[in-house]
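Dear colleague,

I am passing on the structure we discussed, and my notes on it follow directly below. Please read them with the model open beside you.

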Amino acid sequence: MIRHAAAALMLATAGLAFAAPAHADKAPVYTGTFSNTAVEGHDPVAYFTEGRPVKGSRDFRTEYQGAEFRFASQENLDTFLADPEKYAPQFGGYCAWAVSEGYTAKGDADHWAIVDGKLYLNYNKNIQSRWEQDWAAHIVKANTNWPEVLK
């Protein structure tokens with residue numbers, strides 16, 4: 001009897017190894033599949049100060065919301081650290097248009113906009129054009145969907 005119980009326990013335990021894993025929520029900051037770097041390594045502060053994407057350096061970096069953010073200078077890193085919510089891309093750097101549509105897609109550092117003092121990224125040029133047709137409505141819808149789209 002004990003051998004049967006032990007065998008049944010071993011079979012049941014072995015079955016757990018083949019069970020489907022629980023689906024984990026998506027990270028709050030988009031970093032790509034094989035990276036932990038936000039904004040594709042671009043300096044989020046530079047969008048505000050230089051009006052363009054600028055690659056950050058590994059010499060100037062910090063972790064925010066579980067992702068590594070890089071900066072072009074110590075000054076930009078310090079600016080970010082003083083108010084990360086102001087400079088971090090909205091919706092964790094996921095495509096703002098996709099979030100407004102109820103799902104996530106990668107945000108591309110080259111397809112961006114600053115609206116009302118906030119940085120938004122989009123998937124590509126075509127999607128950014130769609131988003132720009134009525135960005136105000138898309139922002140409202142995306143704010144409603146965020147962060148539930150991460151589940």
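Leaving aside its neighbours within four places in sequence, Phe-91 is in contact (heavy atoms within 4.5 Å) with Ala-96, Val-99, Tyr-120, Ile-139, Ala-142, Asn-143 and Trp-146. Please note that this is a predicted model, in which local features need pLDDT of at least 70 and side-chain atom pairs count only at pLDDT 80 or more, while totals for chains, interfaces and linings use all residues. Residues are numbered from 1 along each chain as its sequence is written, and side-chain values use heavy atoms, with hydrogens and water left out.

Phe-91 is also among the residues with the most contacts inside the largest nonpolar core, which has 17 residues; such a core is a set of buried Ala, Val, Leu, Ile, Met, Phe, Trp, Tyr and Cys residues joined through side-chain atoms within 4.5 Å, where buried means under 20% relative accessible area with a 1.4 Å probe, protein chains only. Helix H5 (96-100), strand E3 (108-115), H6 and H7 each supply at least two residues of this core (helices, H or I, of at least four residues and strands, E, of at least two are DSSP runs, numbered from the N terminus), and H5 gives the most, with four residues.

Turning to His-42, this residue lies in the loop between helix H1 (2-17) and helix H2 (44-49), and it counts as buried because its relative accessibility is 10%. A polar atom of the His-42 side chain lies 3.3 Å from the backbone oxygen of Glu-40.

With best regards

Note on methods:
Buried means under 20% relative accessible area, exposed over 50%, partly exposed in between (1.4 Å probe, protein chains only). A polar contact is a pair of N or O atoms within 3.5 Å; within protein, one must be able to donate a hydrogen and the other to accept it, and residues adjacent in sequence count only if both atoms are side-chain atoms.
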